[in-house]
Each structure stands twice: as structure tokens, then as C-alpha cells.
Amino acid sequence: MSAKRDIDAVDGIQAPASAAETNPTIQPTPAPVSDAPVAGNTTTANTPAPKRVKRSTVTVEQLIAMSGVPVERGFLLETDVGISTYLNPLQTDARLTAIIKHRFTDFIVNEIDPSGNILHLTATDAAASSSNTVKLDRKTIIDTLPESVFTEMRTFFDEEQDENVERVKELVRNGVRVQNPPKKDKEDRRDRYNRKEAEKADTKDVPAEKTPEEAAAATESTGEIAAEKSVESKTSQTETKDAESKPVAADARISQVITKAFTDKQDRVRVYDFFRTHFAELLATDSRGDQKICIRLATPRDLARSTPRPDFSSSGPGEHLSFILYKENKDTMDCLNTLARVTNTMAKAYTFAGTKDKRGVTVQRCSGHRVWQSKLEGVKLPPGMKVGGFKYVKDRVNLGDLSANHFIITLRDVEIVQDDSQTTTATPPISEILSTSLKSLQENGFINYYGMQRFGTRSVSTHQVGLAMLSSSWATAVELIMMPKGEERAEFAEARRLWVEEKNAKKSFYAFPRGCVAERAVMMAFMKETKGDYDYLGALMAVPRNLRMMYLHSVQSFVWNHAASERIRLHGRKIVKGDLVARYNPLSNRNTSTTTGQEDATDADNTTTTTTGDAEAAEISAIEEHRQGRMIEVDLIETDEDAATRSIDDLVLPLPGHQVKYPTNEIFAFYKTFMAQYGLDPNDMKRHNREVSLAGDYRRVLIRPKNVSWKLLQYDDPHIPLSRTDLDIINGVPEPVSLPDGKRVGVVVEFSLETSSYATMALREILRSDTSAGFQGTLSNKSNQVTDAEREKAAAATTTTAAAVDVEDKNVSDMKDE
């Protein structure tokens with residue numbers, strides 16, 4: 001043992017010496033241990049309680065060494081996180097490679113509700129979502145009204161009745177909305193109050209009668225002034241009347257018409273009811289301070305105000321508005337925050353069944369507490385976002401209220417790769433390889449691995465942060481979050497540099513984009529520090545809880561992936577003695593016990609978007625977190641006879657924790673040996689700090705997709721859509737067709753998966769190629785380089801053709817001159 005490994009062993013974490021040790025799936029299987037696994041750290045009289053070992057801290061260098069990921073590579077591969085085995089045997093030496101998620105429309109997800117219905121955006125939903133104006137035939141509605149309506153309207157005007165009625169008709173046909181509709185002015189109400197008070201004072205304090213001589217003197221002294229005021233008053237009234245009642249020129253657009261003054265309130269109510277009855281959704285009325293009424297075009301706010309209030313009582317349909325959210329290349333929480341902003345409601349009023357990937361087109365069910373349907377129907381939403389399918393229900397939509405997801409995934413630049421270059425057998429066509437792989441996928445399923453999204457896309461994985469947290473190495477965990485992670489955008493790299501080199505938390509905080517939730521939370525906590533030493537534990541606690549738990553869950557996923565690979569390698573698709581099987585379907589409600597109220601339970605309201613991995617991983621992690629305390633019930637296969645009666649679909653493996661049981665066969669020995677490399681013990685997962693104490697869970701080893709179908713397309717343009725979204729179907733976009741002479745091959749695959757499974761792992765079984773972001777990035781770059789080369793070649797050909805044409809034209813011109 002080297003000096004380096006001696007030191008690591010003393011620290012309680014042994015670093016692997018080679019790649020063979022890093023990937024234990026290729027090591028010989030250890031012999032079964034003599035001590036049986038324990039569940040929940042229970043002890044008996046014959047089995048002493050395991051001694052709690054003092055855990056030493058671990059450094060960044062040790063964790064990076066244990067990961068086995070070369071720093072120069074800059075990204076993870078599937079084998080780095082235990083994804084190393086295929087369920088279905090390879091029928092040929094040829095396999096396929098393809099680009100996944102080249103465009104966001106290449107990844108379409110529709111939720112499947114608990115009843116098994118696939119959610120879709122309909123034409124009615126799209127029309128209601130995009131409607132923010134009154135859509136009535138304003139130019140012809142006047143012709144449908146009886147003459148008695150206009151006869152009654154004439155009584156609303158003192159003078160020029162016919163002209164004002166024509167003005168109202170013109171307002172309906174071609175009028176414009178008032179930018180700021182008149183409101184009851186406080187100044188007018190104050191003036192009216194002062195006038196009434198003055199009238200009361202005049203009534204109470206009547207002056208004494210003057211003698212004829214005094215009255216004549218007063219009239220003679222004020223007559224000239226009174227005459228001037230009278231002339232000014234008449235002139236002002238004439239100008240006002242002309243401005244209000246004079247017909248406008250033919251080319252002028254009317255914005256409002258003013259009625260006569262109504263001193264009686266009942267008369268004003270009669271006018272309001274008249275226009276509400278005959279011109280609903282077209283005209284609105286406002287009272288003025290001079291007791292006259294302003295007639296104008298209605299605005300969306302007027303329509304919302306006139307909409308009946310929903311019945312949120314206990315006898316009503318419900319106080320939760322359920323609706324469908326359609327989004328393109330947007331985060332779920334960003335969309336709900338947008339709805340809250342444009343409808344003037346609270347963001348916390350909205351809930352959803354599952355977070356969906358930003359890079360994709362998704363349709364999902366959401367709900368809003370005491371949200372008016374009229375507000376969502378008439379709201380103007382940004383492009384790529386629609387709502388519809390409104391229905392008031394008694395219960396809100398909670399996290400996990402979906403049975404599955406339906407995927408439509410486009411694979412581009414599908415190519416055949418020959419593993420053995422020396423083979424002499426003929427390579428089958430792509431269609432034959434796909435047909436064989438998809439048939440096997442539908443019949444046998446795939447290994448239910450945690451996908452690459454669970455562990456991030458850079459060389460520093462989320463499970464490395466989780467390992468540091470489990471060893472109480474808070475400073476190491478923070479440094480792993482903040483350290484440079486390979487090829488990143490310039491602003492990310494600069495923000496990390498400001499912390500790593502300068503330890504300037506304030507500059508680093510403002511340099512990070514808002515999407516870097518964990519990094520900004522840590523820097524914000526350090527900015528509040530008043531002492532010299534940083535509180536690394538406090539900084540980690542400032543990270544949103546669902547993101548902190550994702551770091552820890554990724555450790556469980558890391559262990560589970562390696563255990564699943566070993567289990568399939570040893571026994572394949574067969575139940576054996578010592579296995580654990582689910583008592584019922586792991587996602588069925590009847591399979592859950594009552595909530596224990598343990599520390600791992602969380603509220604779905606506290607969901608926060610993250611930048612680690614993608615939303616597919618976030619959704620699965622959040623649903624698992626929501627299920628904590630309702631763990632599925634499992635049975636231990638104790639005899640070979642029991643094994644023969646159980647289906648491989650019921651096989652489960654535990655996620656390490658202090659409340660789970662482990663298999664009693666050689667798989668438990670693998671758990672102990674593998675976890676020991678990282679300073680972990682499957683029988684000692686409880687921690688004094690409740691934030692890092694994991695209860696554990698169970699996960700099905702194999703999953704069978706449903707509704708599997710596929711089609712092959714040939715195309716030339718690498719950016720052309722090869723599938724249709726719900727909005728494309730509504731807008732009448734034609735179905736993509738295959739080009740007979742297309743130089744590229746694409747495949748559109750459809751299937752349905754349970755909520756706990758990763759679609760990319762199903763694609764991996766089809767293609768038998770790496771699905772990591774780094775590997776897919778190399779394929780996308782290659783495709784773009786080919787496209788650029790083709791473009792340059794076409795441009796060069798065009799230039800050559802043009803030059804040849806010029807030469808030919810010159811020769812023809814010379815011949816004519818001769």
C-alpha cells in the first residue's frame with residue numbers, strides 16, 4: 001500500500017488505486033459475509049449493536065481521486081456513476097449512436113394523469129389562452145339591434161339626440177379605447193361636498209331683507225360685473241356643449257360619448273343597465289362628477305370586473321382551479337411565476353404534479369388556489385406558453401399526482417458503429433437494428449438506472465458533494481460546489497474565480513447568474529458573516545432544502561447504480577434466494593404505509609428550481625422526497641420455491657439508509673465492500689445531524705415501457721423539426737415526411753414511463769451508446785462541423801458554377817464580336 005493510500009485509510013476513506021478499483025463491477029464478487037444485514041439499526045441479544053466510528057473529514061483532492069474522472073476530460077461518463085450493464089443481449093456487433101435533445105422540440109413530454117389519460121393541449125385551450133381582447137363583430141352588431149333600443153337611447157341626451165345616437169353607433173363600429181378610462185375623481189366629490197355644505201349654510205343663515213334704496217344701490221354697483229360673468233358663463237357652456245355634442249368629422253375616431261346630467265340616482269342606474277343589457281362586452285359606462293355619464297369601449301379589465309365571482313364555498317365545485325400548462329423551453333416554476341405576475345396573484349397559490357425539463361416541450365397539470373378562471377383565460381402570455389383545460393376541483397394538484405409520462409423523443413444523426421472492426425459478417429441496416437432493440441425493450445424492459453442528470457454534467461458530480469456532507473466535511477462540500485467545473489460559460493468561470501482565488505463573496509455573488517441557486521445561496525450566507533471564520537455548515541443550510549437533499553440522494557443513486565449493475569451481471573432476469581421483492585406495485589397507493597413524520601419528509605410547496613442536472617432528475621428527486629415516510633413494503637425471498645413464484649418486475653434494491661432492509665445474498669456483501677471505499681457502512685447510515693441522516697428507500701430494478709412505437713425519417717437540414725408538438729397540431733403544421741434522398745437518418749420514438757424512471761436510460765438500451773451530456777456534446781459538435789463543411793462545399797460549388805457561367809458568357813460575347 002502506498003503512502004497516499006495509507007493516509008487515506010487513516011482518514012477513514014480509502015482512495016482506489018486504479019480504474020479497476022474505481023469500477024467495482026469488474027472486480028471479483030466478495031464472498032458472502034457471515035453477519036446478516038440489519039434494517040433500521042435494530043439489534044438482538046445475539047447481535048451486538050454496531051459501533052459508531054468517528055468519521056474523519058475528507059478533502060477535495062481525495063474525493064476527486066476517488067471519482068476516477070480525469071480532470072482533463074471535464075465531464076462524467078456513464079461508467080463513472082455505475083451505469084455499465086445492458087439488460088438485453090446484443091444480437092450483432094453493430095450498435096447505434098444518435099444525438100439526443102439537439103433541439104428543444106426533440107424532447108416532448110405529456111403527463112399521464114392518475115386515470116391513465118395522456119394530457120394534451122386542445123384547440124379550444126390555445127384559443128382561450130391567446131385571447132386577450134374582445135372578439136365580437138363590432139361593425140355588424142349595430143345592425144342586429146331593434147330600433148326600440150336607439151329610441152330609448154335618445155332619451156339620454158338633451159340636445160342633438162340623433163347626432164349623439166349616431167356617435168354611439170360610430171363608437172361601436174370604429175371607435176378607439178380610452179387610454180385611461182375616467183374614474184370618479186376625488187376632487188369632484190370634494191367639490192360636491194363643499195357645494196352641499198354651502199347650500200345648507202345658505203338655508204340656515206338667511207340675510208335680513210334690504211330696503212329698496214339699499215337693493216337699488218347694490219344692483220347699480222354690481223350690475224356691470226354680473227353681466228360680464230353671465231356672458232362668460234354662457235360662452236363656456238356653449239363651448240362645452242359643442243365639444244360634447246357636435247358630430248365629429250368622418251375621418252375622426254371617437255373614444256367616448258357624454259350623456260346629459262341625471263340628478264336622480266335611479267335614472268343613472270337605468271342608463272347603466274341599458275348599456276349592460278344591449279352592449280355587453282362592447283361598451284362600458286362611467287359616472288362623472290357633474291352627474292353625466294361617459295360611454296366608452298370596454299376594456300379587458302371591465303370584462304373581468306363584470307365576470308361572476310367563482311363559488312369557493314363548501315357547496316361549490318371547489319376552490320382549486322385545475323388547468324393544463326403547455327410550455328416550450330421554459331422552467332415550470334418560471335411559468336408559474338409568470339402566471340402569478342400577469343394575473344396579480346400569489347406564486348405560492350400554484351402547485352403542480354411534477355417539474356418538467358426546461359429543454360423540451362411539456363404538457364402538465366397544475367392548479368391555483370382561489371384563482372379566477374376568467375383571469376387565466378384572458379391573460380396575455382409570453383410566446384411558448386399556453387394554459388387551458390380549466391376545471392374547479394376540491395383538492396389541489398400535489399407533487400406526484402400523475403401515473404406516468406408519455407415521451408416523444410427525436411434521435412438525430414443515427415449512425416451504425418461497428419465494435420469489432422475485424423468482423424466479416426454483414427452489418428444489418430439501421431431499421432433492422434432498431435426493430436430488434438425496440439421489440440426487446442417492449443418485452444423485457446431496461447435497467448432502471450438513475451440517469452446522468454442525477455449527477456450533473458461536469459467533472460465534479462453532485463454525489464461527491466453528498467459524500468462530503470455525509471462525512472461532515474462542510475468546508476469540502478462548499479469548495480466542491482464553488483470550484484471550477486471544466487468548460488463553463490465565461491461568467492460562470494469568472495464568478496468561481498472570484499471566490500477560489502480572491503475569497504470575495506460579494507463580488508462572486510453578483511457575478512453568478514440567478515440560475516446558480518446553490519452558489520448564490522452560499523455566497524449570500526458568507527456575505528452576512530461578521531466574524532473572520534466562515535460558517536460552512538450554515539452556508540450549506542442556506543442552500544434550498546430540495547437541492548441539499550439532491551446532493552445526498554445522488555450518493556444513494558451512485559451506490560444503487562453500481563449494485564444494480566452487479567445484480568444483473570450475477571443473476572440476470574431471474575429472482576434468486578435472498579432477493580427483495582415489492583409486495584405490490586411500488587407506485588401504487590395501496591403499497592404505502594402511513595407517514596411516520598420522520599426528518600426526511602418535506603412539503604411540496606417548498607419546491608425550488610435548481611441548475612443541477614435537469615428537471616427530469618429534479619422531478620424524480622422531488623417525488624422521492626415527497627414519498628419519504630411512506631416507504632413501499634418489501635418481502636425477502638427465503639427459499640428457491642418462493643423465488644419461482646415471483647416476477648422479475650417485482651425485484652427491488654435498497655437505497656442506503658437507516659430504515660431499509662438489505663438482500664441477504666451476495667449483493668449485501670457488495671454493498672458493504674463498495675460503500676466501505678467511500679467511508680460508508682450500510683448498517684450505519686444514521687447521523688447526529690438530521691439534515692444528512694438518510695432513511696433510505698427501495699427502487700425497482702427493471703422497468704417495462706408502454707405504448708412503444710417508432711418511425712424512421714431521412715432528412716438533410718439538421719435543424720428541421722422531425723416531430724409535432726400539441727401547438728403544431730392545433731396550428732395545422734403538416735406531419736414531417738421522410739426525404740427519399742436524405743443524407744441524414746432520424747428516429748422518432750414514443751413510449752410511456754412511470755414517474756420514477758429516466759427516459760434517457762430507455763434510449764440507452766435502444767442505442768447502446770453513452771447518454772452523458774459530454775458525449776452528446778461531442779456528437780452535436782461533430783454534426784455542426786459537418787453542416788458547416790457541407791455549407792462551405794455548397795458555397796464553393798456555387799462560386800465555381802458562377803465562374804464557369806461568366807467564362808461561358810465571355811466566350812459567347814467574344815464570338816459575337818468576331
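**Entry 1: the model**
I noted that this model is predicted.

**Entry 2: helix H21**
I looked up helix H21, which covers residues 545-571. I found 22 of its 27 residues buried, so I wrote "mostly covered", with buried meaning under 20% relative accessible area. Then I stepped just past H21. There Gly572 has a positive phi of about 60°.

**Entry 3: a negative patch**
Which residues gather in a patch of negative charge on the surface? I listed Glu638, Asp640, Glu641 and Asp642. Asp642 sits in helix H23, residues 640-644. Its relative accessibility is 35%.

**Entry 4: salt bridges**
I recalled that side chains of opposite charge can pair when their charged atoms come close. How many salt bridges does the structure hold? I wrote down 31. I then went through some of the pairs.

*Glu147 and Arg154.* Their side chains meet in a salt bridge, at 3.6 Å from N to O. Glu147 is partly exposed, with a relative accessible area of 47%. Arg154 is also partly exposed, at 22%.

*Asp273 and Arg276.* The closest N and O atoms of this salt bridge are 2.7 Å apart. I found both residues in helix H10, residues 265-278. They are three residues apart, which is about one turn of the helix. Is each one buried or exposed? Asp273 has a relative accessible area of 36% and is partly exposed. Arg276 stands at 54%, and exposed means over 50%, so Arg276 counts as exposed.

*Arg700 and Glu754.* This salt bridge has its closest N and O atoms 3.0 Å apart. The pair links distant parts of the chain, 54 residues apart. Arg700 is in strand E15, residues 697-700. Glu754 is in strand E18, residues 744-754. I checked their cover too, and both Arg700 and Glu754 are buried.

Notes. Residues are numbered from 1 along each chain as its sequence is written. This is a predicted model: local features need pLDDT of at least 70, side-chain atom pairs count only at pLDDT 80 or more; totals for chains, interfaces and linings use all residues. Side-chain values use heavy atoms; hydrogens and water are left out. Helices (H or I, at least four residues) and strands (E, at least two) are DSSP runs, numbered from the N terminus. The expected span of a helix is 1.5 Å times one less than its number of residues. Buried means under 20% relative accessible area, exposed over 50%, partly exposed in between (1.4 Å probe, protein chains only). Patches are made of residues with over 30% relative accessible area and no salt bridge: like charges are joined within 9 Å, nonpolar side chains (Val, Leu, Ile, Met, Phe, Trp, Tyr) within 5 Å. Accessible areas come from the Shrake-Rupley method with a 1.4 Å probe; for residues, only the protein chains shown count as cover. A salt bridge is a side-chain nitrogen of Lys or Arg within 4 Å of a carboxyl oxygen of Asp or Glu. Lys and Arg count as positive and Asp and Glu as negative; His and the chain ends are not counted. The place of a charge is taken as NZ of Lys, CZ of Arg, CG of Asp or CD of Glu.
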